[in-house]
Amino acid sequence: MKFLIVGLGNPGSEFAHTRHNVGYDVTYAFVTRHGGTFTTDRLAFVAEVKWKGKKFVCICPTTFMNLSGKAVKYWMDKQKISLENSLVIVDEVALPLSKLRLRPGGSDGGHNGLKSIHEAVGTTEYPRLRFGIGNNYPTGMQSEYVLGKWQKAEEPIVKLKIDKAVEVIETFATMGITVAMNQVNNKNFE
């Protein structure tokens, strides 16, 4: 069994640990937990880890968010991994910071990374884990907010949710998306 884990974000130190790069942070936490390391490869930072008889190809696209689909399609084809065995981790302004939401498919919700993946793979039916970042910003300031760093007060919840998101990846791979959804979708992280 082979899985593609995709953490969305932007390459470059100026984007590190911003709200928009939380997909990178979750994917790095998963790889670190399972003793893997990232290398720079075609269109992405890539790590392979093995756990419980399963192989995880973990990518953080280096194409910038708006072209994430190019990296996802390339690695999906190269590794011959099905859409159902792919999981995209993405920041979500429409969810409060207290939430994680796992879905088997759905709209891009205006997220350029998901839009690019939809265009590249030709469907919106692929699993995604939405990491709530909240929408605590004034009108017209969404870009500055998502590209901004977490506030000190948010950091403990962010860390807790990153750890939980790593567990979601593990459950998704071992017990399936339904069990993983039941574990996380109605939970509040405080």
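Helices (H or I, at least four residues) and strands (E, at least two) are DSSP runs, numbered from the N terminus. The structure here is a predicted model, in which local features need pLDDT of at least 70, side-chain atom pairs count only at pLDDT 80 or more, and totals for chains, interfaces and linings use all residues. Residues are numbered from 1 along each chain as its sequence is written, and side-chain values use heavy atoms, with hydrogens and water left out.

Salt bridges come first. Side chains of opposite charge can pair when their charged atoms come close. A salt bridge is counted when a side-chain nitrogen of Lys or Arg sits within 4 Å of a carboxyl oxygen of Asp or Glu. Searching the whole structure turns up 8 of them.

As for accessibility, buried means under 20% relative accessible area, exposed means over 50%, and partly exposed is in between (1.4 Å probe, protein chains only). Asp77 is partly exposed at 43%, and Lys73 is also partly exposed, at 32%.

Another pair is made by Arg130 and Glu92, whose closest N and O atoms are 2.1 Å apart. This one links distant parts of the chain, joining Arg130 in strand β7 (residues 128-132) to Glu92 in strand β5 (residues 86-92), 38 residues apart. Arg130 counts as buried because its relative accessibility is 12%, and Glu92 is buried too, with a relative accessible area of 6%.

Then there is Arg19, which meets Glu154 in a salt bridge (3.2 Å, N to O). Here the link runs between two loops, with Arg19 between β1 (2-7) and α1 (22-33) and Glu154 between α4 (142-146) and α5 (155-175), 135 residues apart. Both Arg19 and Glu154 are buried.

Now for the pockets. On a 1 Å grid over the protein atoms alone, a pocket is an open set of points with protein on both sides within 12 Å along at least five of seven lines, and lining residues have an atom within 4 Å of a point. The largest pocket holds about 310 Å³ of space. It is lined by 17 residues, and those closest to its centre are His20, Gly110, His111, Gln142 and Val146. β5, α3 (112-121) and α4 each give two or more residues to this lining, with α4 providing the largest share, 3 residues.

Methods: 1 Å grid on protein atoms, 1.4 Å probe; cavity = no way out; pocket = protein on both sides within 12 Å on 5 of 7 lines; lining within 4 Å. Points joined across faces, edges and corners; volume = space filled by probe spheres on them.
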